[in-house]
Amino acid sequence: MLGGIFYFHLSWKNKLNNYTEKPLPLECISLSFRDFQFAQAMRFAIEEINNSTDLLPGISLGYNIYDTCGSVIQSLKVALALNKDIDNVSLTSEEPCTRPVKLQAILGENSSSSSTAIATVLGPFHIPLISHFATCACLSDKSKYPSFLRTVPSDYYQSRALVQLVKHFGWTWVGAVRTNDDYGNNGMATFTETAEQLGICLEYSVSFFRTDSSEKLKKIIDIIKASTSKVIIAFLSPPDMEMLLHELSNHNLTGYQWVGSESWIFDAQIVAMDKNHILDGAIGLSIPRANVSGLKEFMLDVKPLNSSFNDLFIKFWEALFSCNFKQSQSEEIQIDCTGHEDLTGVENSFTDMSLMPIFNNIYKGVYSVAHALHKILSCNKTCNSSVQLDPFTILQHISKIHFRTKEGEEVYFNEKGDPSAKYEIINWQPRENGYVDFVSVGLYDVSLPEDEQLNLQNKAFMWAHNSKQVPVSVCSEKCPPGTRKVLRKGKPVCCYDCIRCAEGETSNITDSVICEKCPSESWSNERRDACVTKEAEFLSYEEVMGILLTTASLLGTCLTAAVALIFFRHRKTPLVRANNSELSFLLLFSLILCFLCPLTFIGHPSEWSCMLRHTAFGITFVLCISCVLGKTMVVLMAFKATLPGANVMKLFGPTQQRLSVLGLTFVQVIICILWLTISPPFPSNNFKEFKDKIILECALGSAVGFWSVLGYIGLLAMLCFIFAFMARKLPDNFNEAKFITFSMLIFCAVWITFIPAYVSSPGKFSVAVEIFAILASSFGLLICIFIPKCYILMMKPEKNTKKHMMGK
């Protein structure tokens, strides 16, 4: 014997108990053709087995089928009614129950909550309970429900599959409605946990049960209306979905994208109820399509006069054909309808075969019991009917069965009593005639690698409002590259603002949570979505400043060369001879080098140019100042050495002058050699001066070396200035000392102002300041010392005489 537990009614009338009298029996309402089909599928499998010569030969299966109205309490009563003798078994016994029972196994129930209650009661007695539609993941716990098995996948996988589906379409802001029972609560709990891990937020999550008041449903409708999410996850049993759909139709609440669980997504009865096309475009998971040959014909061949006649069957027949069975006082049946009506031409939820996957689950459940019994009874051509059938042995054999149905489908249970998880992805696509097609648009197979489990086929989807565009349901629009997400205070993680990355930072992906800093040699572009190489900046020959400074340098060089040529042509004249022609030509040569020094500062810095620019400048300027100092000392000593017998001028003869210039210059050469040896200047990339530019410059290497070179030049310049200042009023017609004083004054002023200007100038401007200082001091020396003499040589040749030179 097999037991069957279904709910042939969808609900019951709520009655208040006053606890002063025995409660009245449950009054069931709303017939369910769906469960009548389930019962017929069970009867078909049993009759097929009984007519088979291969399976359980000589053994017949019988059945007891009960209605529970979907009530947990009624389910418990039915379970106890099916097993009346279990009350006599000791619950404290540690030995497995081995005494015979009325039933070998029970098929059912649809509801997870009812199955949980029944499995809890029957578990200690090891009576197998095989469900075709109870999907709650909680039922996989063998420590709590040791005798529970099922032919439908666990919601542990379905909930995760729904999250993957939602994530695939980019819906991160969704609402959720669930049945307030084990099925809905556990399924939604798993969905919520997985959704949070993948960045999906629930704007609301509400629950109800079909016996709740209409006020509670209206509150749920108000929550949906007030929401901003456009996608609703519906983890509902079919009766609850029908109830919610009725309320949605009353409010004409359309335009939402529904994502359904396997319990209702492929239910034709719900489609028939959806007159306002509220669920058009719905998408969800369904049990893979199946076919049980002969089952459809068996269901449509049902006749009340050929069946075990009872009141419940009469109610179904009356509902199918809207007819009445009347009974006279003589107990004879008077039938308004004949009882032989043909179901072939009838189109309603009973004749619809869209629930064939669930029928197949019931079919597999019955066959699982049959195969277990076949093995226990050692059946071959006959069965050993003397074997005592105890529930524990039957449960063990059912758990280990492995067979194929006549359609070739493999049937087995894993260690948790579950089958392998595989789902079809169904899309509701309305047709022009008002009907809805359940279009298979993909598969979800847990047996595949994680990144291959969700496989959507290249088919056209239909969405809410018959749109072909994927709906958008997000709390905040995606943050484009170049921005980062900043969470809104007090809001879920899906609600955020997009803040533009700061300068020098980028984000190159959508919805980035951080902006990454660019490498030191790069900078963010205008859109802040990529790092671009910084523009290299240095004083080049191509830019205006470089051209002007180069022109000034070459002009000074040419002008100095012209002065040297003039002096060379007039080298035998008194004016040139009186000005110490040898030092004058050496000074002009050093000035030419000084004017050429700026050229080493312009252009791309290299290792050689960095070492050359500072050392060449330091040595040439010391050579120049040494010559000026030599000229000043000669003038000063010539007029100060007036005592008789004081042969001071012998100390400042031509040889001594050459040695002094050479010695003073050699000191600077030593300083430069030490600088280049210990820590020479080198090319450097300056990233700190400008955020978006790289300054190519010459690092000083040793700052002590640089300031030693400048300090030595400054020391000589100060000595030269002091000596020239002392000789400024000497009787000199060509005012040599006075002009040297002016030139040294200019020189010192330029270099004193150079230091703060150099330190404070950014980038290439510091180089320009240094070049300007070199050119200004060089022009100062050239103009003050040589131009007045050139004026006399070229314009006033009459003054270029010994007499004029000597004066008094």
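In strand E28, leucine 696 is the bridge partner of asparagine 685. The model described here is predicted.

**Strand E28 and its partners**

- Strand E27 (residues 682-686) pairs with E28 in the antiparallel sense, over five bridges.
- The two strands E27 and E28 make a hairpin, and six residues lie between them.
- Strand E26 (residues 535-537) runs parallel to E28 and is joined to E28 by three bridges.
- Within E28, lysine 693 is the residue opposite glutamate 535.
- E28 (residues 693-699) is largely enclosed by the rest of the structure, because five of its seven residues are buried.

**Helix H6**

- Helix H6 covers residues 214-226, 13 residues in total. From its first C-alpha to its last H6 reaches 18 Å, close to the 18 Å expected at 1.5 Å a residue.
- The residues Leu217, Ile220, Ile221 and Ile224 of H6 are buried. Viewed down the helix axis, the buried residues of H6 fall within an arc of 100°, so they line one face of the helix.
- An α-helix has 3.6 residues a turn, so residues three or four places apart point the same way.
- Lys219 and Ala226 are exposed, and they sit on the face of H6 turned away from its buried side.

- In soluble globular proteins, nonpolar side chains tend to be buried together.
- The largest nonpolar core has 88 residues, and Trp258, Trp264 and Trp428 touch the most other members. Helix H11 supplies the largest share of this core, with twelve residues.
- Apart from neighbours within four places in sequence, tryptophan 258 is in contact with Ile232, Ala234, Met241, Leu244, Leu248, Trp264, Ile278, Leu279, Ala282 and Ile283.
- A second core is separate and has 65 residues, among them Ile774, Phe779, Leu781 and Phe786.

**Backbone angles**

- Most residues other than glycine have a negative phi, and most peptide bonds are trans.
- The peptide bond from glycine 108 to glutamate 109 is cis, and its omega is near -5°. Glutamate 109 belongs to the loop between strand E5 (105-107) and helix H3 (112-122).
- Serine 378, a residue other than glycine, has a positive phi near 50°. Serine 378 lies in the loop between helix H11 (356-376) and helix H12 (391-400). Serine 378 is exposed, at a relative accessible area of 52%, where the cut-off for exposed is over 50%.
- Aspartate 511 is not a glycine either, yet its phi is positive, about 60°. Aspartate 511 is in the loop between strand E22 (505-506) and strand E23 (516-517).

**Two single residues**

- Threonine 172 is found in the loop between helix H4 (155-168) and E8. Threonine 172 counts as buried, with 16% relative accessibility.
- Beyond its neighbours within four places in sequence, threonine 172 is in contact with Gly199, Ile200, Cys201, Ser473, Val474 and Cys494.
- Alanine 749 is part of helix H20 (residues 736-760) and counts as partly exposed at 40% relative accessibility.
- Alanine 749 and serine 777 are separated by 28 residues in sequence, while their C-alpha atoms are 8.9 Å apart in space.

Definitions and conventions
Residues are numbered from 1 along each chain as its sequence is written. This is a predicted model: local features need pLDDT of at least 70, side-chain atom pairs count only at pLDDT 80 or more; totals for chains, interfaces and linings use all residues. Side-chain values use heavy atoms; hydrogens and water are left out. Helices (H or I, at least four residues) and strands (E, at least two) are DSSP runs, numbered from the N terminus. The expected span of a helix is 1.5 Å times one less than its number of residues. Buried means under 20% relative accessible area, exposed over 50%, partly exposed in between (1.4 Å probe, protein chains only). The arc is that of the directions from the helix axis to the C-beta atoms. Contact means heavy atoms within 4.5 Å. A nonpolar core is a set of buried Ala, Val, Leu, Ile, Met, Phe, Trp, Tyr and Cys residues joined through side-chain atoms within 4.5 Å. Two strands pair if DSSP finds at least two bridges between them.
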